[in-house]
Amino acid sequence: LLLLLLLLLLLLLLLLLLLLLPVLQVAAAVGCRCFIAMPDDAAIEKAQLLQALGAEVVRLRPVAITHPEHPVNVARRKAADTPGAAFADQFENLANYRAHLETGREIWQQTSGRLHAFVSGAGTGGTIAGVSQALKELNPSIRIILADPQGSSLFNKVKRGVLYTWHEAEGKRLRNPFDTITEGVGLNRLTANFAAGVIDDAVRVSDREAVEMAAYLLRCAMPACSCSIAR
């Protein structure tokens with residue numbers, strides 16, 4: 001089990017490299033610096049990898065989005081205080097989901113339209129929002145399903161219309177309300193990108209299910225897989 005978890009961590013770092021390398025390449029190509037603020041409970045290897053690629057990384061303690069030291073707010077201030085800087089704002093910038101309209105059309109083309117459902121997790125919400133809009137436009141009967149990790153509120157937002165998880169109930173709220181091994185998906189606030197999605201249903205996915213599916217995909221389907229993919 002320990003070997004499996006170490007392998008999953010390695011593959012998660014590989015996925016992170018594939019996702020962030022284009023951003024850092026663009027910054028390097030145009031002679032820009034890249035500043036990234038991230039929570040310090042994320043894997044230290046992520047920060048080390050980004051630094052190795054040339055980014056300036058600041059690791060911050062996890063706090064609510066309303067706190068001035070939340071990574072999003074720190075990045076926003078850094079951009080405001082740096083002449084010529086641009087704040088990506090990937091959670092609220094609707095260019096995020098609009099970019100994934102093309103992702104949805106690519107999925108449609110690559111499946112020749114033989115598609116009944118699309119299942120995805122959500123971090124910023126950009127992927128599931130863009131893909132859902134594109135696929136629904138091509139075939140309104142395609143079902144869009146959110147796969148949400150334990151401790152996230154997005155499941156209840158889809159199922160009941162309210163952002164809520166029982167871990168946040170009165171008398172149950174803890175400093176660290178829930179722990180999950182999965183990073184990058186699941187959220188306890190509604191983003192502009194997620195709100196743009198056309199989502200039919202949601203399922204809750206436990207860490208155990210994510211690890212078991214990642215192991216299955218490694219054996220049977222994919223050369224590289226992480227828990228966020230397995231969801």
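Q: What kind of model is it?
A: The model is predicted.

Q: How many helices and strands does the chain have?
A: Nine helices and five strands.

Q: And what pattern do they follow along the sequence?
A: Reading along the sequence gives α-β-α-β-α-α-β-α-β-α-α-β-α-α.

Q: How much of the chain counts as buried?
A: Of its 231 residues, 39% are buried.

Q: What share of the contacts join residues at least 24 apart?
A: 66%, taken among contacts between residues at least 6 apart in sequence.

Q: Let's switch to single residues. Where is Asn193?
A: Asn193 sits in helix α7, which spans residues 192-195.

Q: Why does Asn193 count as buried?
A: Because its relative accessibility is 0%, and the cut-off for buried is under 20%.

Q: What does the side chain of Asn193 reach?
A: The backbone oxygen of Asn93, at 3.1 Å.

Q: Which residues does Asn193 touch, leaving out those up to four places away in sequence?
A: Quite a list. Asn193 touches Gln90, Phe91, Glu92, Asn93, Leu94, Asn96 and Tyr97, along with Thr124, Gly125, Gly126 and Ala129.

Q: New topic, helix α2. Which of its residues are buried?
A: Lys46, Ala47 and Leu50 are the buried ones in α2, a helix covering residues 44-52.

Q: Why are they on the same side of α2?
A: Because they cover an arc of only 95° around the axis.

Q: What comes just after α2?
A: Gly54, with a positive phi of about 105°.

Q: Now Ala37. Which strand is it in?
A: Ala37 belongs to strand β1, residues 35-39.

Q: Is Ala37 buried or exposed?
A: Buried, because its relative accessibility is 17% and the limit is under 20%.

Q: How many residues apart in sequence are Ala37 and Arg59, and what is their distance in space?
A: They are 22 residues apart in sequence. Their C-alpha atoms are 6.0 Å apart in space.

Q: Which residues does Ala37 touch, again leaving out those up to four places away in sequence?
A: The contacts of Ala37 are Val58, Leu60, Pro71, Val74 and Ala75.

Key:
Residues numbered from 1 in each chain as written. Predicted model: local features only at pLDDT ≥ 70, side-chain atom pairs only at ≥ 80, totals over all residues. Heavy atoms only, no water. Helix = DSSP H or I, 4+ residues; strand = E, 2+ residues; numbered from the N terminus. Buried < 20%, exposed > 50% of the residue type's maximum accessible area, 1.4 Å probe, protein only. Contact = heavy atoms within 4.5 Å. Polar contact = N/O pair within 3.5 Å; in protein donor to acceptor, adjacent residues only side chain to side chain. Arc of directions from axis to C-beta.
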